[in-house]
Each structure stands twice: as C-alpha cells, then as structure tokens.
Amino acid sequence: MYILGIESSCDETAAAVVEDGRRLVSNVIATSVAEQALYGGVVPEIASRRHAEYISATVEKALADAGLTADQLDGIAVTFAPGLIGAVLVGVNFAKGLAYAAQKPLVPVHHLRGHIAALYLSHPDLKPPFLCLVASGGHSHIVQVEDYTHFKVLGRTVDDAAGEAFDKVARTLGLGYPGGPAISKAAKEGDPKAYKLPVPHVEGRYNVSFSGLKTAVLNAVNQAEMKGETISVPDMAASFERRIDEILAQKLLLAAQDTGADTICLAGGVAANGLLRSLVNEGAQKLGARLCLPEIRFCGDNGAMIAAQGFYELQSGNVADLTLNGLPTLPIDYNTQPG
C-alpha cells in the first residue's frame with residue numbers, strides 16, 4: 001500500500017511516499033530555514049508563502065522519485081494539526097485538491113504522531129506498545145504509545161518546549177538559528193560544569209519546565225554585561241545543553257521505570273541531539289530496556305513520517321472528507337478525548 005505524505009506545519013515543505021508504513025520509497029524536503037535564520041526564528045508569514053511556492057513541485061518530485069502517479073496511490077496523508085496555522089493550511093488544502101482529483105482517501109495526520117511513526121522507518125520491527133519522548137521546537141511530551149493510533153500522555157512541558165528553549169538560548173548567546181544544532185556545536189568546546197544552572201521545579205511526576213532555565217541563562221548573560229565581564233559562550237552552551245538533556249532523560253527514564261517499559265524511544269527534532277541520545281542510552285541499558293532512535297534524517301519535519309503514520313490511520317479508518325480543516329493546536333491523544 002503506497003501512501004503519499006505531505007508536511008507543512010512549520011518551515012519545511014515536505015512530501016514522501018512510503019510503502020506499508022515501513023519502507024521509504026521517496027522523500028523530498030524544501031526548506032526556508034536559511035531565510036528564517038535571518039530573523040532569528042520562524043516568521044509564520046514567510047513560512048506560509050514559501051510553502052505555497054514549493055508545495056506543488058515538492059509533491060511532483062516525490063511522486064516522480066517513487067515512479068508513481070497519483071492514481072497509483074492508496075491514500076494521501078497530510079499534517080492537519082498542530083502547527084503554524086497558515087503553514088498547515090497550505091498542505092491541507094493542497095492534499096484536499098489532490099485527493100479529490102485522484103479520487104483517493106484523504107488521511108489526516110497529527111504532527112506528533114508522525115514524529116513517532118518516523119521510528120517505524122528506522123526500525124521496521126518496532127511495534128507498540130512502547131514509551132517515547134517526543135521533543136521538538138514546539139512540543140515536549142512523554143507518550144505511552146499503546147498502539148498505532150492510541151496514545152497516552154504521561155508528561156509534558158508546562159511552558160517552553162525543549163526546542164524552543166534551545167532556540168531562545170542560542171539567540172541570547174548569539175549562536176543563530178536553529179538553536180539546537182548551534183548550541184551542540186558550540187558545546188563541544190565548552191565545560192558543562194562551568195555554570196551552575198537550576199533544575200526547575202514542576203508539579204507532575206513526569207512533567208518538565210524550561211522557562212526558568214532559559215531565564216537563568218538570560219540573567220547570567222545580562223549580569224555579566226552589566227559588570228563588564230564576558231560570558232564564555234562554549235561553556236554556557238555546554239552547561240545549558242547538559243542541564244536540559246539531563247532533565248529530559250531523567251524524566252523519560254523515570255517514566256520507563258515506573259511503567260516497566262521494555263522499549264524506550266526518542267522522536268522529534270531534539271532527538272538528533274547526541275548528548276540526549278547518549279544519556280538515554282546509558283539509562284536504558286541500566287533498566288535492561290531496548291532503545292530505538294530515529295535516523296537523523298527522520299528527526300526533523302519530513303513527509304515520510306506523515307506517510308508512515310498515514311498508513312496506520314488509514315487502516316484504522318481515519319479518513320477525512322473535503323471539509324477537513326487545519327488546527328493550530330490539538331492533543332496527540334485527541335481520539336480518546338471526550339466528544
């Protein structure tokens with residue numbers, strides 16, 4: 001079964017074809033990240049305009065690379081939530097038009113479910129149930145994946161997402177955008193023990209908070225400037241990266257210990273962070289649990305993850321009509337919510 005996946009929730013215009021939810025057939029990404037970097041982060045209006053410019057050619061290339069026509073597809077999956085609403089709507093409306101023209105099922109996919117489904121492309125033998133930390137620019141969730149379309153959120157950020165915190169601290173340190181890779185690069189030359197950063201207190205056993213941590217870095221930089229002192233950017237980058245990754249790893253491993261999970265996973269853009277991977281790997285080994293990590297190419301936003309999840313959504317009968325709308329927010333476990 002061939003599924004076309006379309007992703008446009010942020011600054012990547014992406015399309016891919018995946019067979020049976022596991023085998024990558026084609027994967028095309030057009031990104032406006034270099035342009036967004038000029039402004040220190042994603043400008044929604046620019047992102048939406050670039051999606052409108054790129055989407056047709058991106059989908060055409062994904063189909064051409066797969067050696068397929070729209071008529072040969074079994075379904076057209078698209079990110080419909082959550083994300084920058086203008087950006088999401090570009091993908092949703094294009095998918096609706098293509099599904100109507102080709103007379104194919106239109107499959108709505110939740111963006112975070114897509115990130116989790118990227119694991120099936122890297123680990124074809126992986127099956128639910130398993131425990132997964134989904135960490136990206138807009139989200140930080142610890143999710144119990146009960147089956148392919150049923151999810152239970154055990155913990156989440158109560159304020160800033162991990163990726164958002166990386167972006168803001170990178171901007172404060174003058175490291176540019178996107179913040180995660182920039183901080184990791186600078187941290188390689190730094191001492192993670194140079195600055196003592198707080199571990200924010202938060203209610204909820206598996207919840208996390210990063211706003212106070214971000215503010216602590218900002219205050220340290222401002223205080224140094226007022227005293228005429230210089231902050232060591234590599235040291236601060238290393239200290240911040242170590243602290244945020246330790247928090248994420250500790251919460252995930254605590255949830256794994258409490259639930260008795262025998263498989264632990266990472267997903268989302270922050271899953272590309274080498275230190276986080278290492279910390280979770282150490283913890284998983286101590287627990288005797290299997291660790292599944294997505295390939296780096298599947299950590300960021302891509303169409304393949306949407307196509308992979310689309311396969312399972314289609315199998316479960318989750319098909320939309322042409323009234324499908326994009327949503328800026330929606331919980332990952334929306335199908336288990338009242339109403």
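In the predicted model, helices α2 and α3 are roughly parallel to each other, because their axes cross at roughly 30° and an angle under 35 degrees counts as roughly parallel. The two helices, α2 spanning residues 44–66 and α3 spanning residues 85–102, have axes that come within 9 Å, and the crossing in which α2 passes α3 is right-handed. On the α2 side the contact is formed by Ser 48, His 51, Ala 52, Ile 55, Ser 56 and Val 59, and on the α3 side by Gly 86, Ala 87, Val 90, Gly 91, Phe 94 and Leu 98. Sorted by class, the residues of this contact comprise seven nonpolar and five polar ones, with no charged residue taking part. An α-helix has 3.6 residues a turn, so residues three or four places apart point the same way.

In the loop between β2 and β3, Asp 20 has a phi near 55°, a positive value in a residue other than glycine, and with a relative accessible area of 35% Asp 20 is partly exposed. A positive phi of about 55° is also found for Gln 103, likewise not a glycine, which lies in the loop between α3 and β5; at 61% relative accessibility, Gln 103 counts as exposed, because the cut-off for that class is over 50%. The loop between β4 and α3 contains Pro 82, which is joined to Ala 81 by a cis peptide bond with omega of about -20°. A further cis peptide bond runs from Tyr 177 to Pro 178, with omega near -5°, and Pro 178 is placed in the loop between α5 and α6.

Helix α6, which covers residues 179–187, contributes Gly 179, Ala 182, Ile 183, Ser 184, Ala 186 and Ala 187 as buried residues. These buried residues pack against two other helices, α5 (162–172) and α8 (233–259). Helices α5 and α8 in turn pack against each other at an angle of about 175°, with a separation of 12 Å between their axes, and α5 is therefore roughly antiparallel to α8. From α5 the contact involves Ala 162, Ala 165, Phe 166 and Val 169, and from α8 it involves Phe 240, Glu 241, Ile 244, Asp 245 and Leu 248. By class, the residues of the contact of α5 with α8 are divided into seven nonpolar and two charged, with no polar residue among them.

Two of the α8 residues in that contact, Phe 240 and Ile 244, are also in contact with Leu 213, a residue of helix α7 (residues 211–226). Leu 213 has a relative accessibility of 0% and therefore counts as buried, the cut-off for that class being under 20%. When neighbours within four places in sequence are left aside, the residues in contact with Leu 213 are Leu 197, Pro 198, Pro 200, Phe 240, Arg 243, Ile 244 and Ile 247. In the case of Ile 244, which is 31 residues apart from Leu 213 along the chain, the C-alpha atoms of the two residues are separated by 8.1 Å.

Note on methods. Residues numbered from 1 in each chain as written. Predicted model: local features only at pLDDT ≥ 70, side-chain atom pairs only at ≥ 80, totals over all residues. Heavy atoms only, no water. Buried < 20%, exposed > 50% of the residue type's maximum accessible area, 1.4 Å probe, protein only. Helix = DSSP H or I, 4+ residues; strand = E, 2+ residues; numbered from the N terminus. Contact = heavy atoms within 4.5 Å. Axes fitted to C-alpha atoms, helices over the stretch in contact; angles between N-to-C directions. Parallel < 35°, antiparallel > 145°, perpendicular 65-115°, else oblique. Left-handed = near helix turned anticlockwise from the far one by under 90°. Nonpolar A, V, L, I, M, F, W, Y, C, P; charged D, E, K, R; others polar.
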